[in-house]
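Let's take a walk through this one together. Have the sequence and the 3D view open, and we'll go step by step.

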Protein chains: 2
Amino acid sequence: MKTDIRQAERLYSITEAAKITGFTAETLRFYEREGILSGVLRQDGRRRFSEANLREIQILTYMKKTGMSLKEIKQYFALFRQGERTFAKRLALLREHEKEVQRQMRELERSAAHLAFKIWYYETSLKEGALSFDDREALIARYCRETGRIYSM
Amino acid sequence: MKTDIRQAERLYSITEAAKITGFTAETLRFYEREGILSGVLRQDGRRRFSEANLREIQILTYMKKTGMSLKEIKQYFALFRQGERTFAKRLALLREHEKEVQRQMRELERSAAHLAFKIWYYETSLKEGALSFDDREALIARYCRETGRIYSM
DNA sequence: TATTGACTTTGAGTATACTCAAAGTAGTAT
DNA sequence: ATACTACTTTGAGTATACTCAAAGTCAATA
């Protein structure tokens, strides 16, 4: 039988956890209150965040960045805590969310293209005097020619 | 002197405008109330949206999609209505926002990569039984090898 | 022992972006 | 004339995600 030689895991105060994760202490308390984070230890009534807690918070930031709501994140974490038997469910949830992220990226690209055209329009107008929008097609054609970009609308 | 042969511009009811723009009538009213949209005509107290109004709303949707707040969009539209002398200001605002969109895209790509790794992890675990996270480096190396993707964390 | 500082809880408040309900009006169709 | 439809306004309500203030607790340092 192997001897358990693991070090006692380092624990972090809420202020430390806040510093590490980039959330405020208030926000971390809020997340715990809402049941999104759970299993945070207490010592003298004070929260002690484990490495595992911090990893969970790290995952939360990734989820958030892709536009996942706290409600969905909470669901995911709940599945996580239910152990291996929820693997398939978690996978389904992630796949669903991946689609959503891809949709977001397409939208963002479309908007960025629109923005780039607008900026070119303003730049060129400042150089040459206001360009007419009367022949929008021609304007777009010129934009594509001059910038080598593809754009249609 | 040229005769003005322009057709009287077609006007649209709020319901039509809603259908065309994809917003609800309530939302369009809200935007007008907030001073984001302005210059909407009235006939018998009813809103009549011009083509120009609809174009403005279209622009609003693009702005929104890139995560611009209604407050910022309102500012941009206000500059717009002040005429050509605000060209430079509008350009500055758009450039600023373009940076923000690029930042968003980088974030989204990072999150998507994270998500893709997670999904691969779950898929592979379902096939082979739970993969250990003990040697995270090796796991990531395997992921990159098998998918041909680049990933680091 | 007293003070300091880092925490705690409870409950309320804020910002953003809508969303809805209720009561009223104006023009059209039967 | 009456009903119907498509609007109108006012004011309140909702969801999300925090954010803050006030009063209290606990352990360590001066």
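A charge is said to sit over a ring if NZ of Lys or CZ of Arg is within 6 Å of the ring centre and within 35 degrees of the ring normal. With that in hand, look at B:Arg90, which lies over the face of B:Phe80, 4.6 Å from the ring centre. In chain A, A:Arg90 lies over the face of A:Phe80, at 4.6 Å from the ring centre.

A word on ground rules. This is a predicted model, where local features need pLDDT of at least 70 and side-chain atom pairs count only at pLDDT 80 or more, while totals for chains, interfaces and linings use all residues. Residues are numbered from 1 along each chain as its sequence is written, chains are lettered from A and ligands numbered from 1 in the order in which they are written, and side-chain values use heavy atoms, with hydrogens and water left out.

Now, how do the chains relate? The same surface serves both copies, with 100% of the contact residues of chain A recurring in chain B; contact here means heavy atoms within 4.5 Å.

So what does the meeting of the chains look like? Chain A puts 36 residues into the contact and chain B puts in 36 residues. Between them they bury about 3600 Å², 74% of it on carbon and sulfur atoms (buried area is the accessible area, with a 1.4 Å probe, that two parts lose on being put together, summed over both). On the chain A side, A:Tyr62, A:Leu108 and A:Tyr122 lose the most area to chain B, together 21% of what that side buries.

Keep A:Tyr122 in view, and let's talk rings. Rings of Phe, Tyr and Trp (its six-membered ring) pair if their centres lie within 6.5 Å; planes under 30 degrees apart count as stacked, over 60 as edge-to-face and the rest as tilted. The whole structure has 26 aromatic pairs over all chains. In one of them, the centres of A:Tyr122 and B:Phe87 are 5.0 Å apart and the planes stand at 80°, so this pair is edge-to-face. A:Tyr122 lies in helix α5 (residues 87–128) of chain A and B:Phe87 in helix α5 (residues 87–128) of chain B, so the pair joins two chains. Helices, by the way, are DSSP runs of H or I with at least four residues, and strands are runs of E with at least two, numbered from the N terminus. A:Tyr122 is buried at 2% relative accessible area, and B:Phe87 is buried too, at 9%. Buried means under 20%, exposed over 50%, and partly exposed in between (1.4 Å probe, protein chains only).

Last stop: the nonpolar core, meaning a set of buried Ala, Val, Leu, Ile, Met, Phe, Trp, Tyr and Cys residues joined through side-chain atoms within 4.5 Å. The largest has 84 residues, and A:Leu28, A:Phe49, B:Leu28 and B:Phe49 have the most contacts inside it. Its largest share, 15 residues, comes from α5(B).
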